[in-house]
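Here is a short briefing to read alongside the model. Keep the viewer open as you go.

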Amino acid sequence: MVDPEQPEHADTVAIKAVTDAPGDLALYVHWPFCLSKCPYCDFNSHVRDRIDQGRFGAALRRELATEAARLGRRRLTSVFFGGGTPSLMEPSTVGALLDDASRWFDVAGDLEVTLEANPTSIEAGRLADYRAAGVNRVSIGIQSLDETALRTLGRQHSATEAVAALKLARRLFHRVSFDLIYARPRQDLASWRTELRDALALADDHLSLYQLTIEPATQFEVLHRQGKIVLPDEDTAAALYDATEEECARAGLLAYEISNYARPGQESRHNLAYWRYLDYAGIGPGAHGRVTLDGSLRATRRHRAPEPWAERVERDGDGLTSSEPLSPDIRAREALLMGLRLAEGVELARFAARTGRTVAESVDADVLKQCVEAGYAVLTPERLIATREGRLRLDSLLAALVK
Amino acid sequence: MTDTPIDRIRNFSIIAHIDHGKSTLADRLIQVTGGLTAREMTSQVLDSMDLEKERGITIKAQTVRLSYLAKDGITYQLNLMDTPGHVDFAYEVSRSLAACEGSLLIVDASQGVEAQTLANVYQAIDANHEILPVLNKIDLPAAEPERVKQQIEDVIGIDTSDAIEISAKTGLNIEGVLEAIVTRLPAPKGDANAPLKALLVDSWYDQYLGVVILVRIKDGRLKRGQKIRMMSSGAIHTIEQVGVFTPKMIPTDDLGPGEMGYITAAIKTVADCNVGDTITDDRLPAAEALPGFKASIPVVWCGLYPIDADDFEKLRDSLGKLRLNDASFHYEPETSAALGFGFRCGFLGLLHLEIIQERLSREFDLDLIATAPSVVYHIFKTNNGGMVELHNPVDMPDAGSIDHVEEPWIKATIMVPDEYLGSVLGLCTERRGQQADLTYVGNRAMAVYRIPLNEVVFDFYDRLKSVSRGYASFDYQMDGYAESDLVRISILVNGDLVDALSFIAHRAAAENRGRQICARLKDLIPKQLFKIAIQAAIGSRVVARETISAMSKDVTAKCYGGDISRKRKLLEKQKEGKKRMRQFGKVEIPQSAFLAALKMDA
């Protein structure tokens with residue numbers, strides 16, 4: 001346990017490895033299909049008997065071209081294929097999109113290209129093809145190493161498959177991450193420590209460890225309401241979180257974000273762009289973006305349903321449903337709610353340049369003072385940082401702090 | 001209408017405990033004498049307010065004129081006075097009784113006399129009423145008329161050999177009641193040629209007619225177009241309408257001695273029409289008013305605040321409208337650091353308070369916070385600084401400037417089956433009660449206690465009900481002021497005073513109460529971002545302390561590029577929600593917790 005009275009700085013140092021500039025661009029590509037819908041998942045994912053790979057591949061390429069024309073040439077620092085289940089995409093589509101991206105943008109020499117993959121044997125079989133297409137980092141949705149838990153979570157793979165897929169991925173890629181879901185019903189501290197230690201033994205340099213959350217309009221929400229799923233109470237959840245951080249730190253993976261752990265320098269560059277509130281373009285059904293156009297930061301959204309999205313792209317060149325300029329107030333709120341998730345916190349100078357508001361103008365001074373006194377936040381001349389204790393309570397902290 | 005000779009008039013009221021059948025009997029009397037056709041009879045005609053129907057109590061007095069052809073072949077004018085049925089309205093009851101010559105005492109033959117009945121029957125005896133005992137629900141298998149008659153004789157001391165046994169529900173022996181009214185109750189007395197003296201029994205606001213005043217003529221006549229004068233206030237009005245209730249409103253030309261009826265005179269507020277006042281002729285006034293007039297004085301006060309600060313004006317309007325109809329209720333603007341803008345309101349008693357609160361929420365659709373009820377203390381200042389009345393614990397002066405404090409006492413009458421007597425006496429003692437009398441009637445005990453009113457406004461009814469499993473009945477009357485060692489307990493949240501939670505208690509109980517309320521607040525206030533210290537203090541001395549630890553974890557697990565818009569909107573909504581929280585210094589307390597804290601009355 002970290003002493004809450006002592007503001008800690010060890011895990012709040014700036015991440016030095018990644019130095020993306022405000023003009024840089026991160027690109028997100030959404031593949032909206034899954035083989036089945038997981039009962040806890042509220043992402044924009046859809047199950048179809050047959051997927052028209054050709055049609056959706058072409059639509060993604062067309063929307064990328066339209067977006068690139070709007071954005072102009074920029075330095076591209078990362079591409080992330082998310083979903084849905086992007087490991088259901090034809091590797092040739094992934095390859096074509098990456099080729100297109102390198103045509104429209106100036107590609108950084110250290111471009112990070114991540115693809116989310118499920119560890120079923122079929123998808124694992126394609127990992128080599130994705131590497132050949134240009135993917136250099138994979139994030140595998142393992143979710144659990146416990147067979148019973150995997151069934152409860154509605155996953156299509158077994159723990160054995162997961163381990164095999166992971167081993168294969170580590171042979172093929174320099175950078176491999178995987179996801180686990182914990183704080184599951186009836187999960188105790190001891191069993192989670194064991195599962196996590198097993199996972200850390202298999203892990204490379206990055207892990208995403210999420211506490212199970214009941215999302216609205218999911219099967220789990222119904223079960224939760226009926227009392228068939230009982231989540232651990234607040235104190236247990238806090239203890240599980242502490243244990244997670246402790247085990248990861250022992251293995252050299254530091255909590256650089258609420259649910260993300262990495263060896264320093266191995267943080268997800270793409271996700272850092274979100275949390276640092278940098279420009280990112282989002283294409284594909286339902287994808288969101290935050291992009292600077294003519295000097296103003298806009299929020300972009302695309303049609304959520306796959307087929308109507310494709311129709312719009314085919315007709316208009318993109319599936320954009322809105323592109324709104326964001327006011328300084330909104331930018332400040334978004335930059336804080338994302339930035340304070342990071343152990344490095346919010347950089348004051350960048351924040352002001354990005355949002356048009358200073359941090360001091362954007363937070364309640366009294367609450368900030370209380371937060372500092374309570375050991376929830378640290379304000380240095382360069383940064384506002386939510387400490388580990390602050391990050392554990394970030395939702396309440398933001399509600400009180402942010403103006 | 002005025003042709004009825006005075007010896008053919010009978011004025012009577014009905015005394016009964018809740019549920020013993022007063023309204024049912026009244027309905028039967030109206031039905032049998034043909035006041036309303038069966039089609040016009042809605043259930044329980046007299047209790048016209050929804051609240052009255054639901055609670056089975058009468059708030060406003062009402063009258064009904066019945067025309068009854070008796071066995072002697074003569075048609076009599078019977079005026080039934082329906083009196084308010086609760087101790088909070090004791091003065092109003094006394095004025096209603098003063099308008100009649102006799103009372104029907106209705107007792108449930110399966111249950112016997114209750115405390116509330118007693119208080120009213122004593123009032124009727126004080127008003128020199130002839131009392132006719134009526135045993136109702138005689139058809140029930142559990143009816144024990146002989147035992148109940150004996151009880152009435154023992155407790156009240158009236159002869160029950162001629163008690164009338166009826167069933168208002170089935171209509172059994174309603175005729176017997178009507179005959180007894182005619183033969184056994186005295187006719188009113190009065191002089192038609194003397195200057196006008198009419199007793200103002202009650203009044204209410206009608207949106208079409210203005211104030212409607214219920215009157216009983218003692219002497220003289222009351223006519224349409226007459227210029228009348230209210231003797232206590234001196235206000236002068238010209239009568240627009242004179243009439244009677246059958247129970248429908250029927251205009252008449254005039255009202256004469258012994259009669260009851262109503263008048264209207266384009267009066268805009270009932271505040272001009274004091275219950276118990278004497279109405280006389282402006283040109284030919286009576287030499288002296290009828291005896292017994294008293295201005296109504298609130299005995300219980302509390303703060304009423306709108307939950308939504310934007311409703312303040314609406315609350316002001318609504319209170320104004322209620323006051324149109326209820327002059328006994330007082331209000332004045334008040335501000336609280338914790339609750340914002342509201343009103344300090346004074347009531348005749350706890351039931352009155354509840355009724356007003358409920359009407360505000362029901363008829364005016366207002367969400368309100370009520371602070372804990374407080375009685376009126378008399379604060380005597382040092383150096384002969386005189387006496388001030390204290391309506392709000394927050395206004396209590398520094399101990400240094402107080403010579404002594406007096407608090408109001410009540411005389412409580414509690415009737416309870418023997419097996420619960422021990423716990424009831426325990427409760428009374430715990431509440432600083434002093435026993436004045438303890439008698440037995442069969443297996444029921446009647447305990448008379450002097451208790452500080454302060455101890456009764458704090459959940460006494462609820463406790464009494466629970467320790468007696470609902471079998472105890474309770475009634476009280478004000479019984480003067482007495483000096484007492486009283487202190488104010490302040491509640492502090494993170495060191496800031498929460499004015500609305502301050503209360504006054506006897507020194508001996510103060511620390512314990514302080515501890516209780518701190519413990520309850522700890523249970524009620526959910527964990528928050530920061531730890532919260534709750535303290536109870538007497539003066540500057542902290543007597544109880546609780547700490548609510550900070551919440552241990554509250555953070556969204558996943559938040560990526562696609563989640564920003566949603567999370568930001570959620571954050572904005574949360575901030576909006578905070579506006580509906582009450583600010584306690586720097587701590588925000590959800591409305592629900594605050595309401596519960598106030599409800600629990602330590």
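A salt bridge here is a side-chain nitrogen of Lys or Arg within 4 Å of a carboxyl oxygen of Asp or Glu. One such pair joins the side chains of Asp42(A) and Arg566(B), at 3.9 Å from N to O. This is a predicted model, in which local features need pLDDT of at least 70, side-chain atom pairs count only at pLDDT 80 or more, and totals for chains, interfaces and linings use all residues. Residues are numbered from 1 along each chain as its sequence is written, chains are lettered from A and ligands numbered from 1 in the order in which they are written, and side-chain values use heavy atoms, with hydrogens and water left out.

**Where chain A meets chain B**

- Between chain A and chain B there are four salt bridges.
- Contact (heavy atoms within 4.5 Å) links 47 residues of chain A with 27 residues of chain B.
- On the side of chain A that touches chain B, 25 residues are nonpolar (Ala, Val, Leu, Ile, Met, Phe, Trp, Tyr, Cys and Pro), 13 are charged (Asp, Glu, Lys and Arg) and nine are polar (the others, Gly among them).

**A look at Asp204(A)**

- Asp204(A) is buried, with a relative accessible area of 11%; buried means under 20% relative accessible area, with a 1.4 Å probe and protein chains only.
- The side chain of Asp204(A) reaches the backbone nitrogen of Val176(A) at 3.0 Å.
- Leaving out residues up to four places away in sequence, Asp204(A) touches Arg170(A), His174(A), Arg175(A), Val176(A), Leu253(A) and Arg263(A).

Terms used: Buried < 20%, exposed > 50% of the residue type's maximum accessible area, 1.4 Å probe, protein only. Polar contact = N/O pair within 3.5 Å; in protein donor to acceptor, adjacent residues only side chain to side chain.
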